[in-house]
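Me: Please examine the structure shown below. I should like to discuss its charged side-chain pairs and one of its helices.

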Amino acid sequence: MKLPKYAIENYQFTLMAFLLLTLAGVFSFFTMPRTENPTVYIPGGSVVVIYPGSSPNDLEKLIAIPIEESINELENIKQMNTTIKDGIVSIAVEFNFNTDAKEKYDEMVSKVNSVKSQLPEDIYSLETYRWTSSDVSVIQLAMVSDTAEYYVLEDYAQQLKENIEKTEGIRKVSILAFPEREVLVSFDMEKMVHMNITIDQVMNAIHSNNANIPGGSIELGNSAFSIKTTGSYENLDEIRNTVIQSYNGRLIYLRNIATVDYGYKDPDYIARFNGRRAIFIAIQQKENLNLFDIVKSLYPEIQEFDRQLPENIELHYVFDQSVFVKERINGFLRNLLQGIFLVGFIIFISLGFKSSLIVIITIPLSIITGLWVVDISGYGLQQISIAGLVVALGLLVDNSIVMIENINRFMSMGYSRKEAAIKGANEIALPVISATATTILAFVPLIMMPDKAGDFIKSLPITIIATLSLSLVIALTITPLAASRIIKKQEKPKSFGFSKLLNKFIEGPYRKLLALVLKKRAITLSLTFVVLLISLFAFRFVGISFFPKAELPQFLIRIELPEGKNLVKTETLTLKVEKMLDTIPEILHYAINIGHGNPRIYYNVMPKNYNKNFAEIYVRLKEYELEKFDKLVANLRVKFASIPGAKITIKEFEQGIPITAPIEVNILGDNIDVLQEISTDIEDVLNNSNGVINVENLLNRKKTDIVFTINKEKAAMLGIPIYEIDKTVRTCINGMEISKFRNSEGKEYAITMRLSFNNKLALKDFDRIYVRSLSGNQIPLKQVASVDFKETHGILTRLNLKKNATIIADIKKGYNLDDVLQPIAEHLNIYNFPSGYSYEIAGELENRQESYGGMTNAIIIAIIAIFAVLVLQFKSFSQPWIIFVSVPLAFIGSVWAWLITKNSFSFTAFVGLISLVGIVVNNSIILVDYTNKLIASGNKKTQALQIAGETRFTPIILTSLTTIGGLLPLTLGGGTLWAPMGWGIIGGLITSTALTLFIVPVLYHLLTPEKE
């Protein structure tokens, strides 16, 4: 290979090239985005339709089915899930992961727009949302006041919103939890009937008097004039003085039959902060920007605004993402620096000062230049990419260690520094390239994993591949260049005794043991095979999981009352929980959301939409300590269980891709009553299962509706259209927006008509409702309709165009999902499902199977690709098999490492296993390659194996130690997400390194024929 020679002879160009790469890396480090987790784009979106006053059954027919059928015309739909409850339809559409997320969302929006004409005209809102993990609040503020009116809080919040939106990098600012102000026209229907005034007449009068139609323009003489008319209302008195009609020769004004004043729409979302009335302000940033730069600009703006607020209004931080991101990134960078220190220390005591200095140069060069590649690949600094740097840390020095060892060997043979650097680099270049290629090929399939988990973890393999590739270039250029100028000829490196200790071990125990196993080949392989079988059996006790808890000082409390309970009842019960929280000293603050979920603050937790019988409390602790956190959550669960009238659960934040719940069972069928019967049975099974908590059967939520049963024959006889009855009932009870009013300040309010009643509607108020017949007569509603109470389903769910029942549940801490699900699955298998009804298990199990299936494919692809490289290098089919024996040897150590440390086989553990495939074969490659060279130079096979083992012992041990040293800080301090991966790699490396030095020579002796 000519690259080392070229780098040495053209050292000026070599140094300038790496200086440019280093500067690019430094620039990337300071400018690249910083977030806690990578952005994941899931192809899909949600459609949310709000139609107040409509029952789930009506919404299913009028809205859900038409939208579903329209969307279903699209290709590549993976799943369509619909939830219907009072006044709200939510349709979640997920497309296959290999499709274009933006294109599919645009197609979905197009299909929704195409069906709008078939939907009721008076729906309140129809909105679509694109799924992305970055659509979270970077800051959530609470504007708190016990005395200020809501509209005053809204005005101040609007001012702050306008100020914040001017800040560069801000995508959206939302003001939440305040009732909208409106102009309420409360009509007295009995007066209207007496004067023979209909609802339509009032509506038409307001419409016609609130028109603002441009009058055009006219030219008079040499001048042009615009013609304006005094059209739309300018104040409430003008609305009150609207002429409706004449009665007994006198004009009837709106004020004669109705009151007109400002009011608030019925609240659907109430917020409190630390027990005080509040509204929330949620701030979202644009994608791929540095979070710290944005909050640095926001802090002064918020602080200045806070100073200008009146004394009775306060501004508080509910959530600040930068605090958690700073702690998380600093923790990972600390792990990285600790790893660099450990790796440097191992190299320093092994190679001596000058040799170790050359190798240690590789670390910052590879990391900094690697960051430049990560940056231009579209990724930022977050826990996944930094973990990639930590994993790569121990690997990136391997090439330079092997290179410097070989150059030192050539110097000891009498070559000059330059000759030794060139010859040593040339001799080892091919196996170094091959070893690096095999490691890189192990990570390449991870990039191509076709699912959400693969996208979540993608920055890890990209970071590793980038840093390893650049470390290879450095090993072939900078390392020999530095060696040719720094290391003196025949200089014995000062190794502080470690190298002497290794040499003593090599010349003593290792030499004797290797000679023994080469003689006792059958016994050696048999014992190894038995250990492997025992390890495979032991793996069943490891346990399988997906992603662990997030280990953050925060959690959510969810309160659900029976269907049909109103916001007032929900607030009353929430106050009981609030009083409990006030007694807990570990809590820093809490934010209460009644009727809605807390604004989205975590990438895989979606807030619940409007629901009057639901409340969610975001709780922020002063600090996070695992044992204290678990104890607090356990105690709260016990306390909440004693509160009657509601189901209170605690949601702990988790890492990884979003899932509805760890356990999710879907029952599919056509009849809602049969589905309810089946789901109730399945719910009982879950409630009686060990390790299952927070069981929830959505279909079992019953509510009581007031049903107007229309006597259609009598209505027809009286000449009353059914539509007129429905419209009148809706206008009187729920209210109907009939126009808009803009005041002198330019603020726009809805003008809403509604029957007048005191505070709350009572049953007796139904007797005050009249409907108009075609002949113009006003007929009491009670003459054509009776009022009854009827129990109905509070929530309806649909899956892929079919009715379904969904039962969800969580897993108790310390329980394994597979162990919990096994008896549940057995019950489902023997359950007597009626014809046409079936079940499917979703939740964590479904997502895990998808991800692990993709990772199994990744391992197969990695093995085939690595095998192809080895065949190319060794021109043999048998020798790659010899090298691959290190993979099952590594699995032995991984299994026992997981068992001893009590870690489960999680998603990141699987990533670690794939990493091992590429890492552990490197030692075998170096050993087999050098053995081939010795045999080619005339050594006998046994002698060659003995020399190769002893010669390559030190670099093999060193490369393994540096990899372990680099990973150890992340493994010990990276939390439950990275511990399974770290221990898997460390355990695998220990057994693979130890056994490779003996088993590879044994297999080589058996499978490689002696050359004549």
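Me: How far apart are the closest N and O atoms in the salt bridge that D266 forms with R754?
Reply: This is a predicted model, in which local features need pLDDT of at least 70 and side-chain atom pairs count only at pLDDT 80 or more, while totals for chains, interfaces and linings use all residues. Residues are numbered from 1 along each chain as its sequence is written, and side-chain values use heavy atoms, with hydrogens and water left out. A salt bridge is a side-chain nitrogen of Lys or Arg within 4 Å of a carboxyl oxygen of Asp or Glu. For D266 and R754, the closest N and O atoms are separated by 3.9 Å.

Me: How many residues apart in sequence are the parts that D266 and R754 tie together?
Reply: Helices (H or I, at least four residues) and strands (E, at least two) are DSSP runs, numbered from the N terminus. D266 sits in the loop between β12 (258–264) and β13 (270–273), whereas R754 belongs to strand β24 (residues 748–755). The pair therefore ties together parts whose separation in sequence is 488 residues.

Me: Is R754 buried or exposed?
Reply: Buried means under 20% relative accessible area, exposed over 50%, and partly exposed in between (1.4 Å probe, protein chains only). D266 has 57% relative accessibility, so D266 counts as exposed. The relative accessible area of R754 is 14%, and R754 is therefore buried.

Me: In which strand does the partner of D135 lie?
Reply: D135 forms a salt bridge with R171, with 2.4 Å between the closest N and O atoms. The pair links distant parts of the chain, 36 residues apart: D135 is in the loop between β4 (125–130) and β5 (137–144), and R171 is in strand β6 (residues 170–176).

Me: Which helix holds both D929 and K933?
Reply: These residues form a salt bridge, the closest N and O atoms of D929 and K933 being 2.8 Å apart. D929 is buried because its relative accessible area is 10%, while K933, at 31%, is partly exposed. They are 4 residues apart, about one turn of the helix, and both lie in α30 (residues 907–936).

Me: How far apart are the end C-alpha atoms of helix α13?
Reply: The expected span of a helix is 1.5 Å times one less than its number of residues. Helix α13 (residues 383–396) has 14 residues, so its span should be 20 Å. This agrees with the separation of its end C-alpha atoms, 19 Å.
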